[in-house]
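Here's a quick briefing to read alongside the model. Have the sequence and the 3D view open as you go.

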Amino acid sequence: MINRYSLFLSSTLITIPLLVFSTLSNAAEQLKATEQINEFEEAIKLTPDLENGRAKYRTCVTCHRPEGWGTLDGAYPQIAGQLPSVLIKQMADFRANNRDNPIMRAFASQRSLGGPQEIADVAAYVSSLPMNPNHGRGAPINLELGKRIYERDCKDCHGANGEGNQEDHVPKIQGQHYAYLKRQFDWIRNGRRRNADEKMVKQIQGYSARDEVAVLSYVSHIKPENTAEQDWRNSHFQRYDRSWRPAGR
Ligand code: HEC
Ligand code: HEC
């Protein structure tokens, strides 16, 4: 028979561990968030050493390629020419597990890359690389609609031409491969990317598939400002075997 005491006892037995568990995991999350802010705040203040950044970039070339252009299918993003504050923020976010990619987490880790100084160095180097003149673009349909949506909903944060904002670490999205834009946009919308901007998440909730494709395709058709000459190769990695490509690309 269930009496008041056994009810009290069983609910206490369930509640106490739950409370302990949620307190502990909250504390762990807060700690992580603080570490991440600290690393970003620390790295952003440092004077970068480009030479060391170039040396550190050696571990990144297999995926992001010697030019930092990634792959056109968007599996690997273009990072060349990205704003330094954005690169630093994204590296800190991978390290703090606010973005899901286990491969990137390993390569951005303290063990592989080092501390805030190395983050600042590699970010400065990557940022100094010119962008791909032939990045992956979306199908050129509904570009007018895409432009209207962009100017209404995205321009204030990402800039008139998708150039981003260094001070507020808003990513440059001009010149990014269409397929990568699409993947990140979907992950930002569905919460898989935990570092997303809350206002942006709200903003894009009601988008139809047509709106989304239109605006991202429009972004992918903006001409990036700082592109390399056709067939430019990064002379810092002259001896890199370019015939080797990451699996499937
Ligand atoms: C083994 C492959 C691999 C290596 C090596 C690698 N990356 Fe990445 N990187 C990726 C993938 C895949 C993504 C996209 C993750 C996603 O889809 O969320 C990514 C994303 C990024 C991003 C986020 C770009 C954005 O705009 O969202 C940055 C910044 C970055 N990498 C920098 C680096 C740097 C710097 C190094 C070297 C220290 C490096 N990566 C090494 C595979 C790699
Ligand atoms: C309120 C400001 C704001 C608005 C409005 C906004 N964004 Fe963003 N967006 C951001 C910030 C900040 C990030 C980076 C979040 C982070 O990872 O730190 C971002 C990230 C992104 C990314 C991922 C880029 C990358 O390199 O990983 C894409 C793609 C993107 N936004 C597209 C859009 C589009 C398209 C619109 C309009 C429909 C839009 N955003 C509206 C602030 C905004």
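Angles between axes count as roughly parallel under 35 degrees, roughly antiparallel over 145, roughly perpendicular from 65 to 115, and oblique for the rest. The axes themselves are lines fitted to C-alpha atoms, for helices over the stretch in contact, and the angles run from 0 to 180 degrees between N-to-C directions. By that scheme α8 and α12 come out roughly perpendicular to each other.

This is a predicted model, where local features need pLDDT of at least 70, side-chain atom pairs count only at pLDDT 80 or more, and totals for chains, interfaces and linings use all residues. Residues are numbered from 1 along each chain as its sequence is written, while chains are lettered from A and ligands numbered from 1 in the order in which they are written.

**Overall picture**

- The chain has 12 helices and 0 strands, taking helices (H or I, at least four residues) and strands (E, at least two) as DSSP runs numbered from the N terminus.
- Of its 249 residues, 35% count as buried, meaning 20 or more other C-beta atoms within 10 Å of the residue's own; 12 or fewer makes a residue exposed, anything in between partly exposed, and C-beta atoms are placed from the backbone.
- Among contacts with a separation of 6 or more, 79% join residues 24 or more positions apart; a contact here is a pair of C-beta atoms, placed from the backbone, within 7 Å.

**Confidence**

- pLDDT, the predictor's confidence in each residue from 0 to 100, averages 88 over the chain, and 84% of the residues score at least 70.

**Around ligand 1**

- The shell holds 23 residues, with C60, C63, Q90, N101 and F107 coming nearest; to count, a residue needs its C-beta atom, placed from the backbone, within 6 Å of the molecule.
- Two or more residues each come from α3 (61-64), α4 (84-95), α5 (102-108) and α7 (116-128).
- By class the shell around ligand 1 is 14 nonpolar, 6 polar and 3 charged, with Ala, Val, Leu, Ile, Met, Phe, Trp, Tyr, Cys and Pro as nonpolar, Asp, Glu, Lys and Arg as charged, and the others, Gly among them, as polar.

**Around ligand 2**

- Here 24 residues surround the ligand, and C154, C157, D197, K199 and M200 are the closest.
- The elements giving two or more residues are α9 (155-158), α10 (178-190), α11 (198-203) and α12, and α10 gives the most, with 4.
- This shell splits into 14 nonpolar, 5 polar and 5 charged residues.

**Where α8 meets α12**

- The axes of α8 and α12 (residues 209-220) come within 7 Å and cross at roughly 90 degrees.
- On the α8 side, L143, L145, G146, K147, I149 and Y150 meet D211, A214, V215, S217, Y218 and V219 of α12.
- That contact has 8 nonpolar, 2 polar and 2 charged residues.

**Loop residues worth a look**

- Most residues other than glycine have a negative phi.
- N97, in the loop between α4 and α5, has a positive phi of about 65 degrees and is partly exposed, with 14 C-beta neighbours inside 10 Å.
- N142 sits in the loop between α7 and α8 (143-153), with a positive phi of about 55 degrees; 18 other C-beta atoms within 10 Å leave N142 partly exposed.
- D73, from the loop between α3 and α4, has its C-alpha atom 6.8 Å from that of G136, 63 residues apart along the chain.

Conventions: Contact = placed C-beta atoms within 7 Å.
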